[in-house]
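Subject: Structure handover

Hello,

Here is the structure I said I would pass on. Please open it first and keep it beside you while you read the notes that follow.

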Amino acid sequence: MKQDTICAISTPPGSGGIAVIRLSGPEAITIADQLFVPGKNGCPVREQASHSCQYGRLMEEADKVLDYVLLSVFRGPNSFTGEDTVEFYCHGSLFIQQRLIQLLIQLGCRQAGPGEFTQRAFLNGKMDLSQAEAVADLIAADSSSANQLALKQMRGGFSKDLADLREKLLHFVSLIELELDFSEEDLIFASRDELKKLADQLESKLSALCESFSLGNAIKNGIPVAIVGETNSGKSTLLNKLLNEDKAIVSDIHGTTRDSIEDLVSIRGLSFRFIDTAGLRKTKDRIESLGIERTYQKIEQASIILWLIDSTQLSEHIDWMADRIIPRSQGKKLLLVFNKTDKIAGEELGIVENLFAHIPGDRIQISAKYGQNIEELKSKLIELTNLPEFDKTDTIVSNIRHFEALSAGLEAIRRVREGLQQNLSGDFIAQDIRECMYHLGLITGQISNDEVLGQIFSRFCIGK
């Protein structure tokens, strides 16, 4: 681990009311002390108590003030990174931010890399690897469910469960390997009944965690919903209504949308990723045809398909459309949305709906233009997700790296159970136990390497 002092802007890029500049490392307090002059009744940074804040002047030169700031000190090891850490709270001018970073670098700091503060926290034992990854998830959370999921993982309950199970496996594998050392005496130190009970418990736990990934992934990344239909059926109008902004161009001209447009919407704490697609129709326009091909791709990638139907037009292409939507909707939820109901009488709408009677899927009537039944549509989307209720006490897996490691660990523990049932030699059972321990250790960081750490922390923002 590098022992230099790092610095970075920890607030989002651009100007604002305030900006936070953070530095961490062995010289953090010494460097900050050279730039900060305390206000009345203040003290030099080197004498400032840990976890305290004071007001003062940020000096660009000995007699030149750059800004009036607040400064906080967090002395290691009782800090986020485990090192001495200082934070400047300055005005959010781009000039002030960049000039302060320049001054810090001139005094010996190095610009921090992505996620380097959190990486140092992990390397200094302030958190395990899964908790460190939860920091990035918390920053990226765009719904209350994603926020709660990240907070729970940061608290370490998931890690503690895995660490306890791994410790029990370590106990058994040690006893089995001790048996191998005394193989000539034919001694048994590890109770096979107790090991079988632990393997059953571990298989049940890992299986439940793997099954939770579908919910966790949906909460973290949003449920993909493709809005499809003929040209001019109101797809872009519906997207704009769901987003409450004019994201997509709305026009009476057929074929206006030629590429997919995506955005996230939080509905009752759950994120949905809506995708407005190019309208489906027979066309010889090469660019429009490319857009339609992308529509087919988005249908296959989505979990829910909203087939938007213009209720005012008796389409001649229902079967043509169905042949292109239904096969790509296998295993997904299909919702037929009859739009523009503000322009059509009830009896006529019934005739239109009867034309689609042979097509499977739920139905709903809306007017995207006037927002009629949009709340009912949102309720229907929640229903179609068919996700189990998210309980704050549940451990939910949302990280693909964790899911892959848990799946591999589950396979290994199943081999342990099979080996016990078949009375296999202890060395074969021990090998499978060690493999399960290895995969559990990858999640918490008990087993890691520089390449894995580099991939994980490269996805963080700079300054965190």
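**The open sheet**

Strand 1 (residues 6-9) and strand 2 (residues 16-24) pair in the antiparallel sense, with four bridges between them. Within this pair, I9 stands opposite I21 of strand 2. Helix 2 (residues 94-106) packs on the sheet, where it touches strand 1, strand 2, strand 4, strand 5, strand 6 and strand 7. The direction of helix 2 makes about 175° with that of strand 1. Helix 3 (residues 116-123) lies across strand 1, strand 2 and strand 7, and it runs at about 135° to strand 1.

Please note that this is a predicted model.

In what order do the seven strands of the open sheet come? The order is 3-4-5-6-2-1-7, and the pairing is mixed.

**The protein as a whole**

The protein has 464 residues, and 47% of them are buried. Its secondary structure comes to 16 helices and 13 strands. Among contacts with a separation of 6 or more, 68% are between residues 24 or more positions apart. The protein exposes about 22800 Å², of which carbon and sulfur atoms supply 49%.

**Strand 8**

Is strand 8 (residues 223-229) enclosed or open? Seven of its seven residues are buried, so strand 8 is largely enclosed by the rest of the structure. I223, V225, I227 and G229 point one way from the strand, while P224, A226 and V228 point the other way, and all are buried.

Strand 8 pairs with strand 10 (residues 270-276) in the parallel sense over five bridges. The bridge partner of I223 in strand 10 is F272. Strand 8 also pairs with strand 11 (residues 304-310), again in the parallel sense and over five bridges. In strand 11, L308 is the bridge partner of G229.

**Salt bridges**

A search of the whole structure finds 22 salt bridges. One of them is formed by R22 and E87, whose closest N and O atoms are 3.0 Å apart. R22 is in strand 2 and E87 in strand 6, so the pair links distant parts of the chain, 65 residues apart. Both R22 and E87 are buried.

R401 forms a salt bridge with E133, with the closest N and O atoms 2.8 Å apart. Because R401 lies in helix 14 (residues 400-421) and E133 in helix 4 (residues 129-140), the pair ties together parts that are 268 residues apart in sequence. R401 is buried, and E133 is buried as well.

R415 forms a salt bridge with E435, and here the closest N and O atoms are 2.9 Å apart. R415 lies in helix 14 and E435 in helix 15 (residues 426-444), so this pair ties together parts that are 20 residues apart in sequence. R415 is partly exposed, with a relative accessible area of 31%. E435 is also partly exposed, at 28%.

There is also a network of salt bridges that links K196, D200, E203, E411, R414 and R417.

Which residues make the nonpolar surface patch? Y55, V65, Y68 and L70 make it, and its area is about 370 Å². Strand 5 (residues 64-74) gives the most to the patch, with three residues. L70 is found in strand 5.

**Backbone points to check**

Most residues other than glycine have a negative phi, and most peptide bonds are trans. The following places depart from that.

- G76 and P77 are joined by a cis peptide bond, with omega about 5°. P77 lies in the loop between strand 5 and strand 6 (85-92).
- H51 is not a glycine, yet it has a positive phi of about 60°. H51 is found in the loop between strand 3 (36-38) and strand 4 (52-61).
- N373 is another residue other than glycine with a positive phi, near 65°. N373 sits in the loop between strand 13 (362-365) and helix 13 (374-385), and it is partly exposed, with a relative accessible area of 34%.

Regards

Note on methods:
Residues numbered from 1 in each chain as written. Predicted model: local features only at pLDDT ≥ 70, side-chain atom pairs only at ≥ 80, totals over all residues. Heavy atoms only, no water. Patch = residues over 30% accessible without salt bridge, like charges linked within 9 Å, V, L, I, M, F, W, Y side chains within 5 Å. Areas by Shrake-Rupley, 256 points an atom, 1.4 Å probe, with all protein chains shown as cover. Salt bridge = Lys/Arg side-chain N within 4 Å of Asp/Glu carboxyl O. Helix = DSSP H or I, 4+ residues; strand = E, 2+ residues; numbered from the N terminus. Buried < 20%, exposed > 50% of the residue type's maximum accessible area, 1.4 Å probe, protein only. Contact = heavy atoms within 4.5 Å. Pairing = 2+ DSSP bridges. Axes fitted to C-alpha atoms, helices over the stretch in contact; angles between N-to-C directions.
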